[in-house]
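Trainee: Show me how to read local features in a model like this one. Start with a residue and its neighbours.

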Amino acid sequence: MKTYFNNIVLILILTFTSCTDVIDVDVPTEEPRLVIEASINWEKGTVGNNQIIKLSKSTPYFDSNGNVPVIGASVQITNDNDGSVFIFSDNSDGNYSTDSFVPLVNNSYTLEVINEGETFIAQENLNPVVAILDVYQSTDKFFQDVLEVNFDFIDPENEENYYYIKFQEQEDLLPTLLDFKDEFVNGNLITIFNERQEDEDINQVEYAPGDVVDIEFYGISKRYYDYISILINQSESGGPFDTTPVALRGNCTNETNPDMYAYGYFRITEVSKATYTFE
């Protein structure tokens with residue numbers, strides 16, 4: 001009986017082994033696209049003349065080398081209100097910089113990038129942002145031992161305002177991003193807060209005394225608000241019933257070949273910054 005059982009096991013092993021086939025799966029790929037990282041941020045209380053734009057080429061999803069820097073492009077921003085032009089110099093590493101930019105609130109700006117015979121254009125308005133009035137800590141009213149950081153600001157009356165907020169604990173690799181509009185709170189004193197619940201799955205712990213959090217508070221256009229809202233939603237998805245994220249199209253159009261639009265976004269914003277240390 002023992003010999004018979006061993007023979008059955010051997011037959012089953014041979015059967016499953018002989019039925020193993022190698023399946024080649026064709027992974028969809030597309031031609032590399034230009035990636036434009038053009039975030040012109042003017043911090044309140046500074047001149048704002050030093051600015052950097054980064055250009056790269058996209059790579060396949062499973063490529064571990066990351067995006068490829070673009071060298072030799074022509075990059076400039078024009079103030080549409082007064083016609084002044086700001087040339088960004090090629091640093092030969094994918095970064096293009098200027099030390100002479102002049103930010104003016106409520107002015108329109110146009111970005112032009114010329115690369116490999118193709119011209120890319122994007123336009124944005126420089127939206128102002130109000131000052132951060134106060135930064136302080138509190139505890140969650142439902143979980144009294146969970147620390148949270150808060151900041152206050154007064155939303156301007158009789159205006160449509162859109163905001164982008166970043167909380168970055170200095171020991172964390174990734175920030176917490178928020179989008180906010182004043183649709184139902186126009187003209188009020190507004191408090192924005194951030195807390196961290198313990199989550200072993202992503203190795204996240206609650207805020208603790210001594211933690212230092214950097215806060216960035218941006219005034220943005222409606223179009224950028226719509227863009228960043230989708231981007232934040234995609235970054236937070238991952239459940240079994242979530243829709244599959246798709247490539248998010250920004251505002252950088254290809255005037256030479258419209259089908260080959262660039263990834264990324266040209267934004268130009270004023271930003272209020274603050275830093276808070278938990279006690």
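Trainee: Which residues does Ser 58 touch, not counting residues up to four places away in sequence?

Mentor: Contact means heavy atoms within 4.5 Å. Ser 58 touches Pro 32, Arg 33, Val 35, Asn 67 and Tyr 263, with residues up to four places away in sequence not counted. This is a predicted model: local features need pLDDT of at least 70, side-chain atom pairs count only at pLDDT 80 or more, and totals for chains, interfaces and linings use all residues. Residues are numbered from 1 along each chain as its sequence is written, and side-chain values use heavy atoms, leaving out hydrogens and water.

Trainee: Where is Ser 58 placed?

Mentor: Strands (E) are DSSP runs of at least two residues, numbered from the N terminus. Ser 58 sits in the loop between strand E2 (51-57) and strand E3 (68-69).

Trainee: Is Ser 58 buried or exposed?

Mentor: Buried means under 20% relative accessible area, exposed over 50%, partly exposed in between (1.4 Å probe, protein chains only). Ser 58 counts as buried because its relative accessibility is 13%. Its side chain also reaches the backbone nitrogen of Arg 33 at 2.8 Å.

Trainee: Which value of phi does Asn 106 have?

Mentor: Phi of Asn 106 is near 65°, positive in a residue other than glycine. Asn 106 lies in the loop between strand E6 (95-98) and strand E7 (108-115). With a relative accessible area of 57%, Asn 106 is exposed.

Trainee: And what about Asn 158?

Mentor: Asn 158 is not a glycine, yet its phi is positive, about 55°. Asn 158 is exposed, at 78% relative accessible area.

How values were computed:
Helix = DSSP H or I, 4+ residues; strand = E, 2+ residues; numbered from the N terminus. Polar contact = N/O pair within 3.5 Å; in protein donor to acceptor, adjacent residues only side chain to side chain.
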